[in-house]
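Here are a few friendly notes to read alongside the model. I have kept them as numbered points so that you can check each one against the coordinates.

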Amino acid sequence: MAPLQIVFLILGLATIISAVMVVTARRIMHAALWLVLTLLGVAALFATLENGFFTAVQVVVYVGAIAILIIFAVMLTRRDLQDTPQQSNPNSGIVAVIALAVTGGLIYGLSTWQNFSASRSAMMTNAAAEGERIVDLGLALVSPDAFAIPFEVASVLLIGALIGAIYVASGQRE
Amino acid sequence: MPNFWTDPIGFLTQWLTALLIGWGVAPEVVNFSLSLLGAIVLPLMAMLFVIFLIWYERKLYGRMQDRLGPNRVGPWGIFQTFADMGKIFTKEVITPTGVDLVPYNLAPILAVGSVLMAWSVMPLSVNIVGVNLSVGLLLVIAAGGFGELGIMMAGWGSNNKYALLGGFRAVALLISYEIPMVIAMLIPAMLAGSLNLTEIVANQDVPFILMAPVAALIFFITQVAETARAPFDLTEAESEIVAGVNIEYSGLKFGMFYVGEFLHAFTASMLFATLFLGGYRGPFVEQFPLIGIVYLLIKTFFVYFFSILFRGGLPRFRIDQMLNLNWKILAPLSLAMVFITALVDKTAVQLIGGQLDSTMLLVVRTVLLLAVNGVVFWVVTRLMEINIKPARRVVSGARPVATPGVSQQSPEDPQVPQEPQVPGEVSA
Amino acid sequence: MLDHWLYIGLFFVVAMLLPGAAIFIASILAPKKPTPLKNSTYECGIETVGESRIQFRAQYYIFALVFLVFDVEAVFLFPWAAAYNQLTLFMVVEGLIFALILIGGLVYAWKKGALEWK
């Protein structure tokens, strides 16, 4: 097996195990730490796809902001940080069936997709250097005939989230 | 075979490769082991350099406080840090009951490890860089995020109310100050057209501090806040809340936080020198890359000196003052600087770019941006003077001083105080 | 390209192992004599009262939220900044409109008092 495949398998396994530990850890703070590990695993998977920009963005946004936000949210809602909440709820049976069905459907759909193969596609072997690809991304984000409108819509989405959260939070404070 | 003096890393790589292949090692393993060697040497050098750094800072900080600093252990106290290391390595490691072992032990490792990550993309000279990563700037920001996570883990892993409180405040401060820092970092990326740190240095024919001085100032202030040094060191106020997040750490674990702080301050100064002062650029750098390291160190120590000056000269801020400074002044100012720099630069280039040659254009852009930055700075300082009122006001005027022996005052003097003299009351 | 990330991965592992090794060495060299008094939680020299939980103020969460939104905004602006030298004035203004919309959010947060500490 090529070294890249070995690295991918190890990283994928680490990410999946961390994800399983997130939902099965007894203490909720440990679950938050496993979540950080899962997000790092996803960032490393981006790196194996030769996309450095998204690796860095994943760590900056997910690990540096969202993980901290989740930890704060956990602390806000838990009176005692060491307590061990209830591990399962009565719906776990039907949820397991649905989850297995969704996963099976995804695997089946991807395996019949013609571009999904173990070898590197032509697109990746012909890819330009990373620096030029970031410049292309920037150009594409603001060119009127590329993604300028979704770019501006993204900012509206962000401000919507900001205003909504502040409105809800300040409503609860008074 | 490249010459050692013109291309040190290339020379060493080729020599080692030839040596290892001569011993019969497979080429991929050679590649891997050379990467491993580089990945070990650079952090090791950084950590050993901290030893010198701690001595430098203590000497300078002492001089600013009109005292000598360490001067007993060795000439000028240069072995003081070794003595301190000896002490800290052999101090008893007390692990309090009830701590959560994984976060508690991971936090000091993260505190140092996150700072060391930034060294992997720092361009030390023309061809001497850990890895010439195209998103180096984002990696440095990511490393900062790791550090915040480390502080959070130290806070809750310590099973101590004060550590937790200190941890929250520290993380709230760090994440608040990350916004102006990241936005101020946009400006060198903009002017150089790349997120690659080596390219940002290579494009600094004019150091970016001349083209964006306000952004450099914002970056410097936020870096001082990010490393939690004075005047922003509320979270580890040495004389106040008993070291905040570091309460329950002893021995080398505490030493790691300490080392991490100094290393972070130095790395931040190095980042400032790379982004705004031209990094390793200087005369004769292409011929002798090793001189580039010297230039970079000179510039970094210059910035580090200012960081120590801040620490020695400024009183500590309160937390609401710090947060106000960040969200109401620095964040809007940094965004405004991005606007203004982008608009002015682009209009200048579009209007007159076709008529001038490249050096003249660079000079014109520099002068124009410098003028615009000066105007913005003046406007902001005027606005701050008008809007920020001093918090102290004097409640009563000066009272006449009671002189002993003259117990009877003239009856027509209405100003005689009946109670003991207090200096003019002020209310905060 | 992949070599770069391999180096960064190795560097990450080494950067985590170096302090870890130092702490391990210190744990061998240092004396260990735990007593119940030394192991108790520090609270300025007095006994701890109550459990180790504190009042977590919602203000921290609001700061983290505002930080998150502006962090994502900054991440969107990085490719725009990298491509700056090849953009026309119109495209530059588009990027600035993006940032301007979010400054509106900051002003809203300011007016609503979400950025005050107490």
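Helices here are DSSP runs of H or I with at least four residues, and strands are runs of E with at least two, numbered from the N terminus. Please keep in mind throughout that this is a predicted model.

1. Let us begin with chain B. Counted that way, the secondary structure of chain B comes to 13 helices and 2 strands. Chain B has 428 residues, and 46% of them are buried. Taking contacts in chain B between residues at least 6 apart in sequence, 74% join residues that are at least 24 apart.

2. Next, the largest nonpolar core, which holds 193 residues. The members that touch the most other members are A:Ile68, B:Leu138, B:Leu186, B:Ala189, B:Phe272 and C:Val66. Helix α6 of chain B (residues 161-192) gives the most to this core, with 23 residues. Domain 1 (1-83) and domain 2 (128-174) of chain A both give residues to this core, so the core lies between them.

3. A word on those two domains of chain A: domain 1 covers 1-83 and domain 2 covers 128-174. Taken over C-alpha atoms, the centres of domain 1 of chain A and domain 2 of chain A are separated by 23 Å.

4. Helix α9 of chain B (residues 213-226) is worth a look. B:Phe272 is, as noted, one of the core members with the most contacts to other members. Just after α9(B), B:Ala228 takes a positive phi of about 55°.

5. Now the contact between chains C and B, where 53 residues of chain C meet 67 residues of chain B. On the chain C side, α1 (2-29), α2 (36-39), α3 (58-82) and α4 (89-111) each supply at least two residues. α1(C) gives the most to this side, with 19 residues. By class, the side of chain C that touches chain B divides into 40 nonpolar, 8 polar and 5 charged residues.

6. A:Glu50 has a positive phi near 65°, in a residue other than glycine, and its place is in the loop between α2 (28-48) and α3 (52-77) of chain A. B:Asp66 also has a positive phi, of about 65°, although it is not a glycine; B:Asp66 is found in the loop between α2 (27-64) and α3 (80-89) of chain B. Are these two residues buried, partly exposed or exposed? A:Glu50 counts as partly exposed because it has 16 C-beta neighbours inside 10 Å. B:Asp66 has 6 C-beta neighbours inside 10 Å, so B:Asp66 counts as exposed.

Notes
Residues are numbered from 1 along each chain as its sequence is written. Chains are lettered from A and ligands numbered from 1 in the order in which they are written. This is a predicted model: local features need pLDDT of at least 70, side-chain atom pairs count only at pLDDT 80 or more; totals for chains, interfaces and linings use all residues. A nonpolar core is a set of buried Ala, Val, Leu, Ile, Met, Phe, Trp, Tyr and Cys residues joined through C-beta atoms within 7 Å. A residue is buried if 20 or more other C-beta atoms lie within 10 Å of its own, exposed if 12 or fewer, and partly exposed in between; C-beta atoms are placed from the backbone. Domain bounds come from an automatic or database domain assignment. Two residues are in contact if their C-beta atoms, placed from the backbone, lie within 7 Å. Ala, Val, Leu, Ile, Met, Phe, Trp, Tyr, Cys and Pro count as nonpolar, Asp, Glu, Lys and Arg as charged, and the others, Gly among them, as polar.
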